[in-house]
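Please walk me through this structure in a few careful paragraphs, for someone who has not seen it before.

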Amino acid sequence: MITYENIDVVFDEFHALPDFNLRIEEGEFFTLLGPSGCGKSTALRTLAGFIDPTAGEVHIDGKRVTHLPSQRRQIGMVFQNYALFPTMTVRENIGFGLKVSGVSKAETMRRVDEIAAAVELDGKQLGKGVTELSGGQQQRVAIARALVLRPKILLLDEPLSNLDAKLRHQLRGQLKELQEQFGITTVYVTHDQDEALTMSTRIAVMNKGRIEQVGTPQEVYMRSATEFVCNFIGDVNRLAAGTVAALAENARGARGTGGLDARAPSYLRVEKVGLHTPDEVSRGNGARLMLPGTVLSRQYHGVYSSYRVQLAGRDQGVVKGMLQETGHPGFAAGDPVVVGIDPADVLQYEDARAETEQAVAEPAESAPMVAEGSR
Ligand SMILES: Nc1ncnc2c1ncn2[C@@H]1O[C@H](COP(=O)(O)OP(=O)(O)OP(=O)(O)O)[C@@H](O)[C@H]1O
Ligand SMILES: [Mg+2]
């Protein structure tokens with residue numbers, strides 16, 4: 001188990017992590033997610049012992065390690081740029097840490113072979129110089145080099161970001177399988193929300209050195225705690241004032257919804273937008289609000305198409321939705337379409353300005369104002 005307690009990291013006068021608090025459980029695949037410069041690497045490097053925090057404490061398994069040298073923390077780390085030794089072979093790279101700690105030649109040989117097999121590097125590749133390998137193979141060497149020392153904790157800082165999309169997807173799956181097989185507590189840094197959603201046990205979404213939300217992938221996606229998280233994760237529509245007003249009117253007194261605030265910033269995930277032909281709409285719609293519109297554009301993605309729709313009502317704006325490419329013939333630009341929205345799917349947040357004014361008067365409530373039906 002890892003805890004950060006009131007950690008503060010100051011560079012010159014800049015607080016990169018002002019009062020950082022986090023608890024990571026044993027065996028978790030925990031991801032720090034956020035935009036460039038939000039402090040992900042700083043948080044990871046503080047845990048690794050490469051950064052001495054200005055204030056606060058770091059604990060690993062109940063032991064204070066805040067100022068303990070990196071090599072005494074039983075941590076393995078993999079960097080974005082691999083950081084391999086270019087003049088050594090693959091085998092020498094992977095075995096380096098074992099050699100330094102005085103493990104016998106035979107034992108080193110055995111352990112390198114074992115870990116190489118786990119990350120799918122074969123005997124021929126082990127004999128090559130690291131510069132003769134592809135990016136994906138070099139990344140496997142870097143992962144093997146960290147794992148061979150059997151660390152208690154594995155830290156990965158954007159390890160896949162230098163690879164092409166296909167290889168990134170493949171290694172993502174393999175890395176997750178390795179982590180489960182070894183049961184190793186892993187802290188993973190990425191700015192890629194898709195990577196975070198697919199790999200993690202839990203995610204901390206960071207913004208400007210602060211944690212906005214900690215939760216499972218489902219929690220941060222379906223119940224984004226703040227407007228920032230809602231925008232950063234996934235693809236989302238910010239609903240126009242006219243659409244929110246129509247939804248609030250429709251949801252009034254409806255069963256299963258706690259009502260909607262007509263003036264609050266409101267969002268709807270693109271996959272929650274129903275797209276129907278005018279003919280389909282006559283069948284029962286439940287609590288859904290049906291809004292007529294016209295297709296502005298279609299983007300074909302193979303598995304699905306995404307659409308931009310101009311809603312017809314006053315101030316109702318444009319919404320983006322998607323349809324799977326299975327069976328449904330889809331729509332073309334100019335087609336009439338009816339957009340179905342369930343008020344329970346709408347995510348609402350307090351107005352940022354109202355929040356600031358309120359904060360002066362009373363402690364801020366961090367819970368999202370989500371319509372009851374979506375809980
Ligand atoms: N050694 C340093 N000296 C001064 N400022 C630093 C140092 N390291 C990081 N910073 C600053 O701290 C902030 C957080 O940096 P950090 O590298 O942790 O961000 P990050 O979330 O990892 O970003 P990226 O996704 O681009 O890697 C940035 O504003 C950065 O400029
Ligand atoms: Mg970084």
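Helix H5 passes helix H6 in a right-handed crossing, a crossing being right-handed if the near helix is turned clockwise from the far one by less than a right angle, and left-handed if anticlockwise. The axes of H5 (residues 135–147) and H6 (residues 165–182) come within 11 Å and cross at roughly 15°, where axes are lines fitted to C-alpha atoms over the stretch in contact and angles run from 0 to 180 degrees between N-to-C directions. The two helices, H5 and H6, are therefore roughly parallel to each other, a term that covers angles under 35 degrees. Helices here are DSSP runs of H or I with at least four residues, strands are runs of E with at least two, and both are numbered from the N terminus.

This is a predicted model, in which local features need pLDDT of at least 70 and side-chain atom pairs count only at pLDDT 80 or more, while totals for chains, interfaces and linings use all residues. Residues are numbered from 1 along each chain as its sequence is written, chains are lettered from A and ligands numbered from 1 in the order in which they are written, and side-chain values use heavy atoms, with hydrogens and water left out.

Turning to the ligand, strand S2 (14–24) and helix H1 (40–48) each supply at least two residues of the shell around ligand 1, and H1 gives the most, with three residues. A polar side-chain atom of Lys-40 lies 2.8 Å from an oxygen atom of ligand 1, and a polar side-chain atom of Ser-41 likewise lies 2.8 Å from an oxygen atom of ligand 1.

Terms used:
Polar contact = N/O pair within 3.5 Å; in protein donor to acceptor, adjacent residues only side chain to side chain. Parallel < 35°, antiparallel > 145°, perpendicular 65-115°, else oblique.
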